[in-house]
Amino acid sequence: MPDVISLLPESIANQIAAGEVVQRPASVVKELMENAIDAGADNIRVVVKDAGKTLIQVIDNGSGMSETDVRMSLERHATSKIRESDDLFHIKTMGFRGEALASIAAVSKVEVKTKTKGAELGTMIRVEGSEFKKQEAVNCDEGTAITIKNLFYNVPARRKFLKSNPVELKHILEEFTRIALSLPGVAFSFYQNDMETYHLPPGKLSYRIINLFNKNYQEQLAACQEETPLLKISGYVGKPDYAKKTRGEQYIFVNRRYIKSNYLNHAVIQAYEGLIPGGTYPFYVLFLEIDPVHVDINVHPTKTEIKFDDERSVYGLVQAAVKKALAAYNFTPSIDFESNVNFDPFAFHKQGGQPKNLTSASSQQHNSSFKKHNPAPQDWQELYKAFENTAPAHNTKEETYTLRFESDIHNISENTGEKEDKTQYQNTFQLHKKYIITQVKSGLMLIDQHAAHERILYERYINAETNSKNASQQNLFTEIVELNAADYHLLKEIENEIKELGFSFSFYSNNTIGIDGMPAEIKAANPKELFEGLLEQFKSNKAHLQVPVKENLVRSLAKKAALTAGLALSIEEMNAIIEQLLSCSVPNYTPDGKSVILMLDLEKIDAYFSTGKIG
Ligand code: ADP
Ligand code: MG
């Protein structure tokens, strides 16, 4: 093999953001692993002792280095990876500065054993604190084994500032995890004080995730896949139910390189809006592939930050792809209902951005039909009939990005507008006045009646709200409500928004208000109680949710006005709820992320009765 390393011209060296490569043991692990990958290895072993403070070893089966190259590799700006300044914009390898090994060698005792493919003999070189000690021919395996001993032995100040072993080890494992995730086709293993703590055979990404994290991650993953001329997105996003209270399992890779980007994380988290409670974080591993010309990797020396020339499009595409992945998962129960369900979640995409049933005309019509019908609280079927064909409030933000999602992942059959076959729901009943149980094609569906109604109302208000003001319905009597001073003041602040929902009230003196109208669809037995509950809920949401006033109000109202557990429902009422729920854009969750539906697949039930275990 010819010598391949040359020194970077000074000008390019300067072009490259300078930076401290070696901050802690984890940085060494990262640089060495990246070098192994760049060398084409498909088996990489990482060994650390004392959290990397006494020993870090990375052993690969990659290209190896020639005698000269290995000597050069330990000098600053020696790299085989770029030669021209233009190359900086077409970086496909992990390393490109040629300063990692030199920096590491300056602050530790390094030994490299390496042999190129097919060579008779390998070479061993030893450098301590940048000082060349020894080089000789040795017998060794093909590939490279680099050993770093006593990091910062000659820089006591740095060594002193290393954190405790558990902390340093955590940083090391973070780097290890990122790299192992980015290359599921490469075998990795991790040894900690002679114990193998990770053994990662090559395989698919899902397999890698399970091996790295936990076996039960398998059921948490929703596949995410999207391709546009600008960007290819693939990977997995965690189902909303599994979101955690702590951050740390969010991974975005651009061209296989792990990056930190608040901007892109925001795009992903936004896609979960309404699906997970505030202050929780979903799992995700997303790979973005983009032509390097659209990327400037060199904004930060540690290479984890990135800039795109068209940030907005990337943001929009990532968000849309995640939404699509979650929607595909969310809609799963719907495929159990055959074509009689008036429901086609993907109509939105098919029709170039307009949900097919959603027009402001139709929703206004519903509002007015409510006024006319003015159904008694027990007339649930009436209530729902009037809303039949109301499509969910799709997030109109999506329209900005005209993505074309070709395939209906689950083959949800097109709504043909056939007459509904009510026999479908004959096997529906209520459990303990709390849950609706119904037979579906794949097994059994359990619905929390309160949660379901909360979701239905939420989408209805959001929907109505975006089209026009909610209709108000006059109370027979003005209801006088005495508030405390703080609530009275708060109400003044949100007066407009609350009136837009359909409430009508006036401020009197002495912190008193008179309520004389309610949103038309609300069937509250006690308007005063509802109003006070709404304010309470609004305040509690405000304390832990970062959402606009209107969103908060709609959520609060949906929660407070939703029918509760303990209310007996007729078959028709239950069926109306099922239908309304399944035409929501996000039927599986309440706006604050609680589950609405539990599916029990026939397969799982069968499995239970044959093996005694579910699933
Ligand atoms: P960079 O990766 O930025 O080029 P490094 O200092 O990390 O700089 O490495 C310097 C050079 O040493 C690399 O360009 C590469 O040619 C060689 N090298 C380092 N590690 C390995 C390895 N594990 N296998 C083969 N070559 C390596
Ligand atoms: Mg490198």
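Guide: Here are some labels and the cut-offs behind them. This is a predicted model, where local features need pLDDT of at least 70 and side-chain atom pairs count only at pLDDT 80 or more, while totals for chains, interfaces and linings use all residues. Residues are numbered from 1 along each chain as its sequence is written, chains are lettered from A and ligands numbered from 1 in the order in which they are written, and side-chain values use heavy atoms, with hydrogens and water left out.

Visitor: Why is Cys-224 called buried?

Guide: Buried means under 20% relative accessible area, exposed over 50%, and partly exposed in between (1.4 Å probe, protein chains only). Cys-224 has 0% relative accessibility, so it counts as buried. Cys-584, at 3%, is buried too.

Visitor: Why does Gln-537 count as buried?

Guide: Its relative accessibility is 12%, so Gln-537 goes down as buried. Gln-537 belongs to helix 16 (residues 527–544); helices (H or I, at least four residues) and strands (E, at least two) are DSSP runs, numbered from the N terminus. Skipping residues up to four places away in sequence, Gln-537 touches Asn-552, Ser-556, Lys-559 and Lys-560, contact being heavy atoms within 4.5 Å.

Visitor: What makes strand 18 and strand 24 edge strands?

Guide: The open sheet has four strands in the order 18-19-20-24, with antiparallel pairing. Strand 18 (428–431) and strand 24 (597–601) each have a single partner strand, so one side of each is left without a neighbour in the sheet. From one strand to the next, the twist averages 20°.

Visitor: How do you know that strand 20 and strand 24 pair?

Guide: Two strands pair if DSSP finds at least two bridges between them. Strand 20 (residues 443–448) and strand 24 have five, in the antiparallel sense, so they pass that test. Gly-443, for one, stands opposite Asp-601 in strand 24.

Visitor: What makes a set of residues a nonpolar core?

Guide: Buried Ala, Val, Leu, Ile, Met, Phe, Trp, Tyr and Cys residues qualify when joined through side-chain atoms within 4.5 Å. The largest has 55 residues, and Ile-209 and Val-285 are among those with the most contacts inside it. Beyond its neighbours within four places in sequence, Ile-209 is in contact with residues including Leu-181, Phe-283 and Val-285. A second, separate core of 34 residues includes Ala-222 and Phe-308.

Note on methods
Axes are lines fitted to C-alpha atoms, for helices over the stretch in contact, and angles run from 0 to 180 degrees between N-to-C directions.
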